[in-house]
Amino acid sequence: MPGSDRQRRAGLSYGLGAYAIWGVLPLYFKALAEVGPAEIVAHRILWSLLFLAGLLTLRQRWPGLRAVLGRPKVLGVLALTAALIGVNWLIYIYAVLSGHVLEGSIGYYLNPLVNVLLGTLLLKERLSRLQVLAVALTALGVLIL
């Protein structure tokens with residue numbers, strides 16, 4: 001496959017960049033401690049909207065957005081998920097600002113474990129032995145912390 005090595009390297013770089021940003025994000029939030037969690041989240045929402053408006057304009061995707069906005073059921077699901085993400089960020093930023101970075105980070109670390117558990121219980125997905133070992137080691141790490 002042409003470009004697959006380049007795509008893998010790019011993906012690895014993007015992943016490492018995301019983890020680096022995630023690692024320093026608590027320091028950034030701490031620097032904004034006087035602002036307050038709700039205002040930080042409000043700014044994230046506002047600047048994200050402006051950024052996405054720019055992307056929609058650049059890629060000429062406004063008609064697709066109009067189509068989604070015309071479907072009440074889809075719009076309701078999007079509104080619910082947006083609210084949940086907003087609450088999630090509000091809780092995380094509050095945790096950081098109140099000195100509970102480790103607890104907040106463990107909460108994010110637990111999320112994939114819960115997803116795997118739900119996938120095996122509700123969707124009857126089967127894990128390989130190596131996957132079971134990985135999940136067990138992850139759970140053990142969380143228990144130790």
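**Reading rings, cores and charges in a predicted model**

Mentor: Let's start with the aromatics: W22, Y28, F29, W89 and Y92 are linked by ring pairs into a cluster. Keep in mind that this is a predicted model.

Trainee: How many aromatic pairs turn up in a search of the whole structure?

Mentor: The search finds six aromatic pairs. The general idea is that two numbers describe a pair of aromatic rings, the distance of the centres and the angle of the planes. Take F29 and W89: their ring centres are 6.1 Å apart and their planes sit at 75 degrees, so this pair is edge-to-face. The cut-off behind that call is that planes over 60 degrees apart count as edge-to-face.

Trainee: Which helices do F29 and W89 sit in?

Mentor: F29 belongs to helix α1 and W89 to helix α4, so the pair ties together parts that are 60 residues apart in sequence. F29 also pairs with Y92, again edge-to-face, at 6.4 Å centre to centre with 70 degrees between the planes.

Trainee: Are F29, W89 and Y92 buried or exposed?

Mentor: Buried means under 20% relative accessible area. F29 has 1%, so F29 is buried. Y92 is buried as well, at 3%, and W89 counts as buried at 16%.

Trainee: What lies over the face of W89?

Mentor: That's R44, at 3.9 Å from the ring centre.

Trainee: Now the core. Which residues make up the largest nonpolar core?

Mentor: The general idea: in soluble globular proteins, nonpolar side chains tend to be buried together. Here the largest nonpolar core has eight residues, namely L25, F29, I40, V41, W89, Y92, I93 and V96. Helices α1 (4-31), α2 (37-58) and α4 (72-97) are the elements that give two or more residues to this core. The largest share is from α4, with four residues. You've met some of these names already: F29, W89 and Y92 are in the ring cluster and in this core.

Trainee: And where on the surface is there a nonpolar patch?

Mentor: Look at L110, V114, L117, L118, L121, L122 and L123, which form a nonpolar patch with about 670 Å² of accessible area together. One of its members, L121, is in helix α5, which covers residues 101-121.

Trainee: Let's do charges. How many salt bridges does a search of the whole structure find?

Mentor: As a general idea, side chains of opposite charge can pair when their charged atoms come close. The search finds one salt bridge here. D5 pairs with R8, and their closest N and O atoms are 3.0 Å apart.

Trainee: Where do D5 and R8 sit relative to each other in helix α1?

Mentor: They are three residues apart in the helix, so about one helical turn separates them. As for accessibility, D5 counts as partly exposed at 46%, whereas R8 is exposed, with a relative accessible area of 56%.

Terms used: Residues are numbered from 1 along each chain as its sequence is written. This is a predicted model: local features need pLDDT of at least 70, side-chain atom pairs count only at pLDDT 80 or more; totals for chains, interfaces and linings use all residues. Side-chain values use heavy atoms; hydrogens and water are left out. Patches are made of residues with over 30% relative accessible area and no salt bridge: like charges are joined within 9 Å, nonpolar side chains (Val, Leu, Ile, Met, Phe, Trp, Tyr) within 5 Å. Accessible areas come from the Shrake-Rupley method with a 1.4 Å probe; for residues, only the protein chains shown count as cover. A salt bridge is a side-chain nitrogen of Lys or Arg within 4 Å of a carboxyl oxygen of Asp or Glu. A nonpolar core is a set of buried Ala, Val, Leu, Ile, Met, Phe, Trp, Tyr and Cys residues joined through side-chain atoms within 4.5 Å. Buried means under 20% relative accessible area, exposed over 50%, partly exposed in between (1.4 Å probe, protein chains only). Rings of Phe, Tyr and Trp (its six-membered ring) pair if their centres lie within 6.5 Å; planes under 30 degrees apart count as stacked, over 60 as edge-to-face and the rest as tilted. A charge sits over a ring if NZ of Lys or CZ of Arg is within 6 Å of the ring centre and within 35 degrees of the ring normal.
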